[in-house]
Amino acid sequence: MNEEELTTVIPGVAVGDWVDQGVDWLNSTFREIFRAIGDVLGTLINGLIDVMLLVPPDVMIVALALLGLLLRSWQFAVGSALTLALIVAMGMWIPAMQTLALVVIATAAAVLIAVPIGILAARNNLVSNLVRPVLDFMQTMPAFVYLIPAILFFSIGYVPGVLSTIVFALPPGVRLTELGIRQVDAETVEAGQAFGATPRQILRGIQLPLAVPTIMAGINQVIMLALSMAVIAGMVGADGLGKKVVESIATLNIGLGAEAGLSVVVLAIYLDRLTAAVGGSGSDKSLRSLIRRNTTARRQPSTTAS
Amino acid sequence: MPALEADGVFKIFGRRPERGVRALREGRTREELRSRGLTPAVIDATFSVDPGEIFVVMGLSGSGKSTLIRTVNRLLDPTAGTVVIDGTDISSLDAVGLRRVRREKISMVFQHFALLPHRTVGENAAYGLQVQGMNSSDRRARAEQALDMVGLKGWGASMPSELSGGMRQRVGLARALAAGTDIMLMDEAFSALDPLIRREMQDQLIDLQQRLDKTILFITHDLNEAMRLGDRIAMMRDGRIEQIGTAEQILNNPVNNYVAEFVQDVDRTRVLTAANVMEQPVAVLGSTSGPQAAHKLMREHQLAWLLVVNRDRTVHGLVWSHDVAAAVREGTDVLPLHRAELPYTSPDTTLSDLFTQAASSPAPLVVRDEDQRLVGVIPDVTLLAAMGNGQSNGNGQTLENVPVGIPAGVDHGTEVR
């Protein structure tokens, strides 16, 4: 049975046509602006990819492992070195770095947009009420749908991939920033007010620092969503692991699909564990907390309070 | 001029709270307002705090005391009424003016300390100064000084998480002290601490107040704490202030049943002091007098003992009537002074601290001021009567009629030289 054959009194509404016309209008009106945005993003991503591929994979792996050691633990460092080496061994290093660059750029942009909106939403109930349904929309709209206007505006390549990734990955950044700031102990904020701090001083000195763990959890979510979207972006011609996956589907190449998929998993786990370690107070095994412990131990007073 | 004055302060939560003020003024009850979606937290609060005074607002949870203290520095805007701090009506100030008052006049200590966990103890203590824009070396010095005052010398580089609850609240106190304001608001400042630490902090607060002459508005739900700290106490219930008075006034003259019931379980011996219950001796003897004069005086007043005082009102000793009688029989000129050390005490010693002393000596307790001069005596019977709910003491006087200390000397007693 076709949709047209349904018995109903509700008249048809051409939502699709309106959106279509809207997108056309946007495209013709803001063509220059879109082109400028596209140029900037394209340059950024290509630049970053070039830099990441300039470094030999072995050096890159050691650097990433050291970062893991600094922020988390030596076990994590060893684990990530081995799994990253597996990517190289599978011949997936170049697409992996392309995907990583896309994720990094999309995440950076999403965070730059999400955190200020989250701060506004935390300070103003009206903003919060307006932003929430928009975020719901952005998060539940099937991710593929973003790709269509993105292609119309920016043609194929990295740029539509990055932009649809930003839109898709943005919501948890906003939500958790708002939550983090609202969660800050009311008495601590009152303390700032009671000593005559300005709203800006309270935001920068009290609310943001105390919201950091929650904001970092949000950024972690942003990265995870960006990674999943970056794969979908392979469909619009963004080079990277996503494109390999799409290729493997088109050619029913199960081997290629497994290798590309496994590489995505490795990147995802590495990024997730790393950002989780930044957000939390950090595991005790990290180099960072070791350094911190040593410096505080030295500052510890020898006298006790009377 | 009072340091702090609240006049007709209302704080009502809900939509269009002004209508609640009108309704309350027309005599509607709190419950009637509740049914209209309004929650009156503070109703018509009027009080003033003198410079250098510890003014305690005491009430159970939900009585509106925490809301009241927040209207004083406008963390909450009063729905109606005015708050005047040091001559400035803060209810009419804009944001900039209000911040200036908060920086310069009035600081606050919080129940759960409200320290910044990501900053060191020293940085926390210096918070108020940092907000004021003081340069970092000056504020470090001031913070050090404040930490020193609260007994946390040398802890400036530690993180708050490394400190115990009591120590954290000392940091909260140091932060308020370092800000250098004359008025300090303390919102249940010691309620989150365990009893021993709380007691210690109370002593420290009294000590600091005496040294620095701060004006303190202290909120508590603990009546014993209120009685211990407060120069005056405001008893609050359901948003209204029921009574304002000294601990003794509230204990002995409760204005209504609520206050009376509230204070009936108070350990009177920890609230009343020697000055509250002491009597003037009916007669005292000059130290140059002989047994004959003593004998005459004791017979006249039917006394079993008599205090002997020097010309400067310091206590020379005490004689018992049987010793005096014996001396007169023997015809000696030397006063038969009581040999053991007399049980001396000071006017602000609480009764609970007097009992052991009273029990260990047959002589009455002798109350002396800082200059060792006699201000009163407390015979055992008076001490016991004081516990009997303030109905009467040894003289048949009610407690509140007992003069608190005698200014120049013991003028009321008959003195024979």
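Me: Which residues does B:Met186 touch, not counting those up to four places away in sequence?

Reply: Happy to start there, with the note that this is a predicted model. B:Met186 touches B:Ile69, B:Val109, B:Leu173, B:Leu205, B:Ile216, B:Leu217, B:Phe218 and B:Ile219. B:Met186 is also listed among the residues with the most contacts inside the largest nonpolar core, which has 147 residues; B:Phe218, B:Met227, B:Ile233 and B:Ile378 are the others listed.

Me: Why is this core said to lie between domain 1 and domain 2 of chain B?

Reply: Domain 1 (48-271) and domain 2 (274-416) both give residues to the core, so it lies between them. A second, separate core of 31 residues includes A:Ala191, B:Val9, B:Ile69 and B:Ile106.

Me: What makes A:Glu190 and B:Arg70 a salt bridge?

Reply: The closest N and O atoms of A:Glu190 and B:Arg70 are 2.7 Å apart. The cut-off is 4 Å between an Arg side-chain nitrogen and a Glu carboxyl oxygen, so the pair qualifies. The rule finds one salt bridge across the interface of chain B and chain A.

Me: How much area do chain B and chain A bury between them?

Reply: About 2300 Å², with 57% of it on carbon and sulfur atoms. On the chain B side, B:Arg99, B:Tyr127 and B:Trp155 lose the most area to chain A, together 19% of what that side buries. The contact takes 35 residues from chain B and 24 residues from chain A.

Me: Where in chain A does pLDDT stay under 50?

Reply: Over residues 300-306, although the mean for chain A is 87. Where pLDDT is low, the predicted coordinates should not be read in detail.

How values were computed:
Residues are numbered from 1 along each chain as its sequence is written. Chains are lettered from A and ligands numbered from 1 in the order in which they are written. This is a predicted model: local features need pLDDT of at least 70, side-chain atom pairs count only at pLDDT 80 or more; totals for chains, interfaces and linings use all residues. Side-chain values use heavy atoms; hydrogens and water are left out. A nonpolar core is a set of buried Ala, Val, Leu, Ile, Met, Phe, Trp, Tyr and Cys residues joined through side-chain atoms within 4.5 Å. Buried means under 20% relative accessible area, exposed over 50%, partly exposed in between (1.4 Å probe, protein chains only). Domain bounds come from an automatic or database domain assignment. Contact means heavy atoms within 4.5 Å. pLDDT is the predictor's confidence in each residue, from 0 to 100. Buried area is the accessible area (1.4 Å probe) that two parts lose on being put together, summed over both.
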